[in-house]
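The sequence and structure come first.

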There are 2 protein chains.
Amino acid sequence: MVKYVYLFEEGNAAMKDLLGGKGANLAEMTNIGLPVPPGFIVTTDTCNEFSAAGHQFPFGMEDQVRENIAILERRLGRVFGHEDNPLLVSVRSGAPVSMPGMMDTVLNLGLNDRTMEGLARSTGDERFALDCYRRFIHMFGDVVMGVEHYHFESILQTQKDRSRVRFDNELTAADWAEVINRYKTLIQDETGRSFPQEPFEQLFMAIYAVFNSWNNDRAITYRKINKISDTLGTAVNVQTMVFGNMGNDSGSGVAFTRNPSTGEHKVYGEYLINAQGEDVVAGTRTPLPIDALAKDLPAVYEEFTRVCRLLDQHYRNMQDIEFTIERGKLYILQTRNGKRTVNAAVRIAVEMVEEGLITREEAMLRVEPEQLDHLLHKRIDPNAKLDVIATGLPASPGSASGEAVFDADLAEKLANEGQKVLLVRTETTPDDIHGIVAAQGVLTSRGGMTSHAAVVARGMGKPCVCGAESVKIDLEARLLRVGDITVRQGETISIDGTTGRVILGEVPMLDPELSPAFLQLLDWADDLRTLGVRANADTPEDTAKARSFGAEGIGLCRTEHMFMGQNRLPVVQRMILAETPEDKLEALAELLPMQQADFYGIFKAMEGLPVCIRLLDPPLHEFLPNAEELAVEITRLKLTGGAKAEIQAKEDILRKVRSLSEFNPMLGLRGCRLGITFIDVYRMQVRAIFNATSELIREGCSVIPEVEIPLVIDVKEFDYLKEMIDDVAREVRTETGVEAPYTVGTMIELPRAALLAGEIAASAEFFSFGTNDLTQTTLGFSRDDAEGKFLHHYLNLKLLPDNPFVVLDRKGVGKLIEMGIESGRATRPDLLVGICGEHGGEPSSIEFCHQVGMNYVSCSPYRVPIARLAAAQARVINDRLVKKDYGTK
Amino acid sequence: MVKYVYLFEEGNAAMKDLLGGKGANLAEMTNIGLPVPPGFIVTTDTCNEFSAAGHQFPFGMEDQVRENIAILERRLGRVFGHEDNPLLVSVRSGAPVSMPGMMDTVLNLGLNDRTMEGLARSTGDERFALDCYRRFIHMFGDVVMGVEHYHFESILQTQKDRSRVRFDNELTAADWAEVINRYKTLIQDETGRSFPQEPFEQLFMAIYAVFNSWNNDRAITYRKINKISDTLGTAVNVQTMVFGNMGNDSGSGVAFTRNPSTGEHKVYGEYLINAQGEDVVAGTRTPLPIDALAKDLPAVYEEFTRVCRLLDQHYRNMQDIEFTIERGKLYILQTRNGKRTVNAAVRIAVEMVEEGLITREEAMLRVEPEQLDHLLHKRIDPNAKLDVIATGLPASPGSASGEAVFDADLAEKLANEGQKVLLVRTETTPDDIHGIVAAQGVLTSRGGMTSHAAVVARGMGKPCVCGAESVKIDLEARLLRVGDITVRQGETISIDGTTGRVILGEVPMLDPELSPAFLQLLDWADDLRTLGVRANADTPEDTAKARSFGAEGIGLCRTEHMFMGQNRLPVVQRMILAETPEDKLEALAELLPMQQADFYGIFKAMEGLPVCIRLLDPPLHEFLPNAEELAVEITRLKLTGGAKAEIQAKEDILRKVRSLSEFNPMLGLRGCRLGITFIDVYRMQVRAIFNATSELIREGCSVIPEVEIPLVIDVKEFDYLKEMIDDVAREVRTETGVEAPYTVGTMIELPRAALLAGEIAASAEFFSFGTNDLTQTTLGFSRDDAEGKFLHHYLNLKLLPDNPFVVLDRKGVGKLIEMGIESGRATRPDLLVGICGEHGGEPSSIEFCHQVGMNYVSCSPYRVPIARLAAAQARVINDRLVKKDYGTK
């Protein structure tokens with residue numbers, strides 16, 4: 001005979017597949033001796049047989065249910081359907097994985113016209129018994145018999161109107177009796193069937209409804225989306241009722257075994273005397289803190305704290321517990337891992353290691369790396385009431401408030417005067433850099449996650465919201481509009497770069513906090529992880545910050561950001577616009593000491609650790625003004641009698657801008673193509689690197705420069721530039737007499753580079769996967785265009801599982817990376833391999849990087865702690881997989 | 001003893017590696033009994049031993065040379081260095097592959113002060129002997145002793161000045177004697193060494209110089225660039241001299257065994273009596289046609305025609321022959337495969353098959369497919385004198401002359417009045433389509449090979465030169481300038497779209513000619529090839545033309561070109577600018593019958609053959625006006641008091657244009673992303689396809705539509721759209737009752753699609769590799785930007801072997817194609833695979849397509865014949881490789 005039904009005593013936590021998650025937990029608690037109201041579970045296999053048989057209970061199941069009810073009756077001394085001493089039960093669904101869309105709970109099952117009276121008699125409280133009964137009819141009618149909820153609500157409201165009362169608890173026993181009659185009539189009218197009085201009929205109808213709900217539309221859709229197998233099935237939990245509203249020695253509450261907000265190891269929760277669970281959450285009465293129970297019911301309190309300790313230790317995780325006290329006796333109704341703040345998660349994980357409950361490896365898996373981000377930036381007080389007026393892209397995390405300012409010069413001026421300003425622009429250009437530096441944060445109405453504003457702000461660790469398209473900016477009138485709201489210059493607004501929210505007025509902020517537990521956790525992470533963590537940083541300040549966050553080097557130093565400095569840009573523009581080679585070289589000579597000083601500072605801040613410097617990458621026109629604005633300005637000047645010389649000068653610039661403009665700049669004259677076409681620019685940069693290196697070595701500093709050639713598609717490009725780099729290195733050695741080490745490597749950021757990695761690795765000493773660009777070209781997605789125009793639509797339609805610019809696309813981009821590493825290492829076994837795209841700071845992508853055997857990931861300074869934890873997680877998870885593969889589990 | 005030296009009799013044509021190309025041919029001719037002046041060859045192995053030994057002749061070589069000279073002496077009855085009857089020889093280098101940069105020829109070696117006199121005596125012509133001697137000293141001094149050429153020239157010029165004559169042949173014997181003395185002094189002064197008098201010293205110095213020249217800089221560089229192994233070495237050919245200038249029974253000439261211009265099977269050439277070979281090409285005397293020899297020297301003529309027949313048949317190819325007649329005896333000095341026009345190549349190949357000389361397979365390899373292009377377009381008379389003023393990109397082949405017209409409306413008007421016009425624009429937009437239709441050809445100053453003008457012109461088979469950047473166009477003044485040349489509207493210019501030349505005035509053109517031989521060759525090609533050939537065509541006219549050129553279906557029908565028609569564009573713009581869904585649907589409803597009529601015409605023209613229709617691909621803003629021009633126009637209107645309504649309307653359009661504009665349109669909202677975002681547009685197109693299909697089937701026509709979804713990266717996108725396509729098909733079937741066949745497939749044009757081809761093939765019934773886009777994304781090259789900005793530089797530096805948009809990049813793009821086909825066919829073994837990028841019409845890319853097992857290539861109608869021949873070549877070459885692999889050769 002197949003066993004369809006298990007008493008709680010017969011199961012345990014490991015039997016989730018058969019008993020469902022909830023049932024397995026109830027069984028586990030029962031077996032470790034906790035006071036759980038007795039009950040039993042109809043298995044998930046029963047559900048599957050039921051489905052397979054065309055919605056019929058398998059033969060024998062009903063008998064087993066009856067036998068188990070009989071066991072409960074004997075144990076509790078109550079009888080199912082007995083008019084004096086009725087046994088009441090709850091019926092709940094419980095699949096192996098948590099699944100919304102399944103049938104709700106039915107409480108108080110077993111009540112009927114007669115047992116209700118028995119309950120009234122045995123409790124001496126008729127109103128209580130009637131209240132239980134009307135709740136049961138409502139729940140049963142709704143979830144089992146399919147009569148819609150609002151019908152019941154409407155009858156209840158009518159009754160309250162009639163009795164001229166406002167709250168349910170003001171209704172009298174007579175009122176409830178009236179409601180119950182109307183409910184029964186409703187059910188008869190709606191279903192053509194009377195409300196069942198026979199308790200077993202009630203019970204089998206409820207089980208039937210739970211099994212059926214496994215195949216309702218919502219559940220099927222949910223499983224499809226979440227890739228849950230249809231053959232898991234659901235279990236049914238049948239548990240005897242206990243009541244917290246049986247007088248002042250009864251009560252209900254919820255509690256956590258530790259503080260879910262701070263992580264402090266102390267029971268935290270609240271309860272109500274003479275109340276049911278739903279009253280605690282309803283908020284009509286104010287619950288008391290759990291400590292008060294020590295005075296109210298000292299013995300129960302002591303028992304409860306003992307249970308909490310036991311559960312915390314048994315599950316080796318903070319538990320979220322529901323309990324009821326019936327006439328001085330404590331019952332535990334549910335326990336599960338509790339939700340917590342990231343702060344609490346960190347502290348609990350660390351303290352549990354110290355308490356010997358979990359290993360360091362397990363501690364790694366207790367904190368969501370992504371959440372660490374909240375601890376590193378100012379954030380909006382979660383309790384603050386916000387006036388959110390728009391939402392853009394969360395381009396750079398953290399929050400900022402300040403006076404809205406619509407041009408960079410004014411932003412700088414006001415900031416120098418001590419004002420807090422927020423720079424608001426349609427989109428930013430290199431001309432705005434000093435404004436971004438001066439501002440608390442940046443808001444733009446156009447551009448995506450890789451727009452100028454986003455990239456610069458992330459580099460500086462400044463909050464930024466981009467592409468907030470509903471924000472209409474009028475630069476001339478110096479104001480912004482959202483619908484009928486207008487914000488003028490000088491009025492305060494706030495942005496939340498973590499969520500993309502734009503908020504009216506100033507908002508209260510919380511400062512970042514790096515607790516000792518946080519530092520401890522990351523320390524352990526460093527011991528566990530095999531993947532290195534570097535940072536992307538372009539300035540000595542960012543480099544120092546990255547190092548303070550634990551970066552083990554610079555994985556990407558973007559030299560173009562240095563070109564955008566306020567005092568550099570005019571020289572850079574002069575270099576680009578130069579009409580003769582001499583003028584160009586003169587401008588480059590002027591840039592050399594500036595770049596050299598940059599590198600000096602960065603190398604010094606990363607002393608003893610590697611610094612990977614990427615030679616100039618972006619198209620040159622990014623350093624020049626916008627063609628359309630120039631054309632409009634020229635037209636204006638011509639029509640308003642502007643000075644001939646000025647018009648001529650602007651036309652000259654426009655011609656140059658046009659000649660440099662490209663249809664698809666992403667795929668144009670940039671990266672090493674720039675270096676090959678205008679080799680003097682690269683030569684100047686390389687010279688600056690080696691000059692700075694020699695200077696520092698002479699000063700006794702240890703410097704490890706890695707020179708990186710971007711956008712390579714063929715080893716010939718690499719060799720062509722490497723020759724120049726080696727030449728310059730020799731020159732500097734001859735001039736200075738300093739023997740400086742360096743390596744030369746490349747970005748792998750185009751599909752062809754990944755496909756030809758074997759050839760490229762013959763010359764390149766390291767690879768850094770530039771997954772931003774590799775994603776753009778592999779998928780043919782321009783990030784700036786995709787995020788604004790169609791990616792959203794794709795994610796809604798589930799055509800892609802994730803935004804591929806956030807979570808690395810393993811199937812496409814990942815395949816190229818695997819091929820690239822494999823063929824690169826086949827040529828050069830000690831090839832150093834890293835990643836410097838934004839995926840390098842995203843946990844699931846970091847896991848991938850670990851799996852494919854990269855040496856390091858590199859990410860923005862603020863994401864370094866996240867990456868350290870994620871790298872440790874990847875190691876722990878991967879080692880488990882490996883063990884599993886070897887069958888040792 | 002190693003054999004270093006081979007008599008001509010000891011070698012044959014197969015010994016190229018050992019004897020060099022020239023030597024092997026001389027040996028071959030000697031052995032088939034042709035009158036070749038006797039001689040011998042020092043082997044390439046000798047050269048290698050020489051190099052390996054640090055530039056020393058291997059032991060024994062010199063003796064072997066002396067022995068072979070002795071053999072020549074015995075055979076000719078002359079003696080090397082004999083003062084009465086001297087043996088004279090020529091010395092030439094001859095590597096296994098033809099190689100410029102190697103040492104030149106030395107003639108008359110063996111002359112010295114005494115033998116010169118002997119030569120004078122034996123010929124009775126002192127001036128002749130002196131002339132030979134001074135030539136020898138000059139050549140020897142230059143190429144063997146390294147005295148630069150201009151020194152000799154200057155001495156000669158001085159002598160002519162002194163003797164007050166203009167031509168060499170006016171100098172007297174005394175003059176030559178004087179020149180010879182000065183030459184000897186020159187050599188002594190320049191080298192510190194006297195001119196060697198000993199013939200064997202001369203000979204070994206010459207051999208030494210030939211071997212040395214194998215390792216001179218020019219030769220090394222040439223080998224490096226052309227990937228020729230350094231270890232091939234060069235041979236040295238030593239051949240007895242014969243003289244065509246020994247009286248009226250002597251002469252020299254060159255001839256072809258067939259007419260190299262027309263291919264006619266008749267000896268073709270010219271000769272001079274009493275002249276040396278160099279006199280024939282020098283042009284100071286006018287040579288006679290070869291037929292005249294029949295009268296001058298009938299016996300020699302008969303012998304010569306016999307030799308020609310023999311060589312033509314022996315080499316089974318048209319030969320280019322050099323000959324000399326010395327005192328009535330014919331000598332053949334050289335034979336090689338002759339250069340010919342494509343017309344001649346085709347005729348010779350076909351006639352040689354008919355004559356039983358070669359197989360059809362061999363005939364395939366005798367014609368360069370690319371050259372067939374010349375036969376299909378009007379071309380500029382190669383004898384015309386041209387005033388080329390600029391060169392742009394050869395965007396669409398063929399030539400055209402016409403009045404320069406700078407706007408499309410006027411072009412249309414003038415064309416309607418019967419004028420021939422040439423449309424000249426900075427760049428073209430969809431607004432110019434009617435002008436392109438009306439014009440003979442198109443010239444633009446901006447844009448690359450895939451610019452609008454280029455794509456449209458190629459589609460129409462109209463000549464086009466793009467991106468001629470030195471042409472400055474002033475649209476307002478209606479003129480163009482190149483340097484100080486100005487062409488005003490109405491003045492005639494010409495373009496050559498095959499070479500990119502822009503020419504002043506009208507030029508004489510030759511009409512295309514499709515000879516019977518041409519048709520015969522292609523007919524055989526069709527029998528041989530296994531690769532299908534389809535065409536890219538967007539109109540019924542192009543479809544008909546493609547079919548007439550032998551296309552076996554349409555591989556790519558671009559529906560967007562239909563959107564650009566003059567009467568369509570306003571509706572398309574209305575559709576795009578629509579503010580409400582209703583307006584959009586209304587515009588689409590208006591487009592439906594137009595598209596349906598297009599498809600009807602195309603299907604009908606391709607009756608019985610497959611037609612692959614790609615759904616809308618380009619970004620929508622391509623159909624809208626330019627933002628910058630709009631912005632300038634609005635500014636102008638505002639400042640000059642333009643009507644408010646007009647300004648408002650333009651601002652509305654500008655806003656829409658801006659909202660659709662993209663940073664990298666190549667990687668933006670286009671292809672199936674458009675279809676997914678605005679599904680009604682695709683639905684209209686699919687409806688038009690199926691409506692047209694049903695209509696034709698009802699009329700009894702056979703229609704094979706293939707619906708193609710562009711720019712797919714994931715099977716989910718494909719499935720999403722396929723569902724809609726199947727829905728529409730069902731609707732049409734229900735409405736019409738017609739059961740119409742169709743297949744649905746996809747372009748593979750992004751790396752991710754190639755990487756995930758296995759998944760995509762589960763749903764897609766065919767793949768068409770869009771190698772234009774696949775090249776752009778795999779290499780990260782925007783074609784429009786790369787060709788104008790850096791690709792040229794890359795090709796000059798040899799960083800890439802070819803323009804990857806012309807010749808398929810096998811290493812990168814090709815690898816993805818191979819992976820795509822392999823994994824696609826693993827899922828669906830009968831997957832139909834083709835290519836529709838421009839590579840589909842390029843012979844070496846077609847070879848690749850054959851090798852990787854595609855079913856067909858598709859190219860523009862005018863390239864269909866090229867593709868047919870190239871496909872046959874690929875088959876022939878590939879089968880040979882296969883045979884070679886099996887060792888049967």
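In what kind of interaction do the side chains of E847(A) and R810(A) meet? They meet in a salt bridge, with 3.7 Å from N to O. E847(A) belongs to helix α35 (residues 843–851) of chain A and R810(A) to helix α34 (residues 810–827) of chain A, so the pair ties together parts that are 37 residues apart in sequence. E847(A) is partly exposed, at 21% relative accessible area, and R810(A) also counts as partly exposed, at 33%. The model is predicted, and side-chain atom pairs are counted only at pLDDT 80 or more.

**Salt bridges within chains**

Over all chains, a search of the whole structure finds 104 salt bridges. Another of them joins the side chains of R636(A) and E633(A), at 3.7 Å from N to O. Here both partners lie in helix α24 (residues 627–639) of chain A, 3 residues apart, which is about one turn of the helix. R636(A) has a relative accessible area of 39% and is partly exposed; E633(A), with 27%, is partly exposed as well.

In chain B, D617(B) forms a salt bridge with R670(B), and their closest N and O atoms are 2.9 Å apart. This pair links distant parts of the chain, 53 residues apart: D617(B) sits in the loop between β28 (610–614) and α24 of chain B, and R670(B) in the loop between α25 (644–660) and α26 (672–677) of chain B. Both D617(B) and R670(B) are buried. In chain A, salt bridges that share partners join E560(A), R614(A), D617(A), R670(A) and D773(A) into one network.

The pairs with a stated distance, including one that crosses between chains, are listed here.

| Salt bridge | N to O distance |
|---|---|
| E847(A) and R810(A) | 3.7 Å |
| R636(A) and E633(A) | 3.7 Å |
| D617(B) and R670(B) | 2.9 Å |
| K811(A) and E759(B) | 3.0 Å |

**Strands of chain A**

R614(A), a member of the network, also takes part in strand pairing: its bridge partner in β27(A) is E708(A). Strand β26 (residues 610–614) of chain A pairs with β27(A) in the parallel sense over 5 bridges. β27(A) pairs in turn with strand β28 (residues 743–748) of chain A, again in the parallel sense, over 4 bridges. There, T746(A) in β28(A) is the bridge partner of I709(A). Strand β27 (residues 704–709) of chain A is mostly covered, with 5 of its 6 residues buried.

**Contact between chain B and chain A**

How many residues does each chain give to the contact? Chain B gives 60 residues and chain A gives 60 residues. Between them the two chains bury about 5,600 Å², of which 61% is on carbon and sulfur atoms. On the side of chain B, the most area is lost to chain A by F663(B), L667(B) and K789(B), which together account for 12% of what that side buries.

Across this interface there are 6 salt bridges, among them the one between K811(A) and E759(B). Helix α24 (residues 627–639) of chain B supplies the largest share of the side of chain B that touches chain A, 7 residues. By type, the residues of that side divide into 27 nonpolar, 14 polar and 19 charged.

Notes:
Residues numbered from 1 in each chain as written. Chains lettered and ligands numbered in written order. Predicted model: local features only at pLDDT ≥ 70, side-chain atom pairs only at ≥ 80, totals over all residues. Heavy atoms only, no water. Contact = heavy atoms within 4.5 Å. Buried area = accessible area lost by both parts, 1.4 Å probe. Salt bridge = Lys/Arg side-chain N within 4 Å of Asp/Glu carboxyl O. Helix = DSSP H or I, 4+ residues; strand = E, 2+ residues; numbered from the N terminus. Nonpolar A, V, L, I, M, F, W, Y, C, P; charged D, E, K, R; others polar. Buried < 20%, exposed > 50% of the residue type's maximum accessible area, 1.4 Å probe, protein only. Pairing = 2+ DSSP bridges.
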